[in-house]
Amino acid sequence: MSKFTVLNHPLIQHKLTIIRDENTGTRVFREVANEIAELMVYEITRDLPLEDKEIQTPMGKTVQKVLAGKKLAVIPILRAGLGMVDGVLEMIPAAKVGHIGMYRDEKTLQPHEYFVKLPSDIDQRDLFIVDPMLATGGSANMAISALKKRGAKNMRLIVLVAAPEGVKAVQKENPDVDIYAAALDENINENGYIYPGLGDAGDRLFGTK
């Protein structure tokens with residue numbers, strides 16, 4: 001079974017409270033969501049491989065550590081996942097960016113895929129799939145399936161807020177994909193939203209209703 005990790009760093013928890021607050025406006029919500037993503041990626045990338053590199057400092061030659069050329073890509077699930085991309089790129093500016101478009105049928109709560117655009121070498125990259133909310137797990141599982149169909153092998157799912165139902169669904173269908181969240185909330189309410197959650201992340205990011 002995949003690993004589920006809650007990143008409970010004090011800065012992450014503090015910033016998450018800011019965007020949970022219904023009085024937080026669009027600009028601040030957008031800024032803080034990216035800041036949380038940046039902090040999460042900092043924690044998640046602790047296991048990136050390093051290699052030696054000889055450099056010249058003002059004092060002389062030395063051998064130091066650099067990232068071992070691992071290929072990375074960030075894949076937001078549209079549209080709300082866009083609110084985390086800049087935060088990831090702040091930490092990993094060389095990462096490629098792909099996009100997977102999903103929308104949720106408001107009656108059935110089922111996800112539907114409408115757009116996929118990915119780097120051509122997706123099969124050679126470690127992928128960070130980003131989406132603020134992991135509710136039922138339907139969109140995440142569909143996105144992971146779309147990536148696997150196109151050759152992706154190494155993926156991690158990064159969300160701000162997860163519901164137990166969504167975590168269970170992804171672990172059941174994709175036991176090879178580790179999940180990282182800033183918080184594990186109580187449940188999903190009758191409307192399919194995470195409780196206590198933070199509302200509709202897409203609407204709050206882009207000022208739409």
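Colleague: How do the residues lining the largest pocket divide by class?

Modeller: Into 19 nonpolar, eight polar and five charged. Nonpolar means Ala, Val, Leu, Ile, Met, Phe, Trp, Tyr, Cys or Pro; charged means Asp, Glu, Lys or Arg; the others, Gly among them, are polar. This is a predicted model: local features need pLDDT of at least 70, side-chain atom pairs 80 or more, while totals for chains, interfaces and linings use all residues. Residues are numbered from 1 along each chain, and side-chain values use heavy atoms, without hydrogens or water.

Colleague: What makes a residue part of a lining?

Modeller: An atom within 4 Å of a pocket point (1 Å grid, 1.4 Å probe; an open set with protein on both sides within 12 Å along at least five of seven lines). For the largest pocket, 32 residues qualify. Arg104, Asp131, Met133, Ser139 and Asp200 lie nearest its centre. Strand 4 (72-78) and helix 4 (138-149) are among the elements that each supply at least two lining residues.

Colleague: Which residues lie nearest the centre of the second largest pocket?

Modeller: Leu48, Leu67, Leu72, Met91 and Ile92, out of 16 lining residues. By class, that lining has 11 nonpolar, two polar and three charged.

Colleague: Why is helix 2 called oblique to helix 3?

Modeller: The axes of helix 2 (residues 26-44) and helix 3 (residues 82-91) cross at roughly 45 degrees and come within 7 Å. Under 35 degrees is roughly parallel, over 145 roughly antiparallel, 65 to 115 roughly perpendicular, the rest oblique. So helix 2 is oblique to helix 3. Contact (heavy atoms within 4.5 Å) involves residues including Ala33 and Val41 of helix 2 and Val85 and Met91 of helix 3.

Note on methods. Helix = DSSP H or I, 4+ residues; strand = E, 2+ residues; numbered from the N terminus. Axes fitted to C-alpha atoms, helices over the stretch in contact; angles between N-to-C directions.
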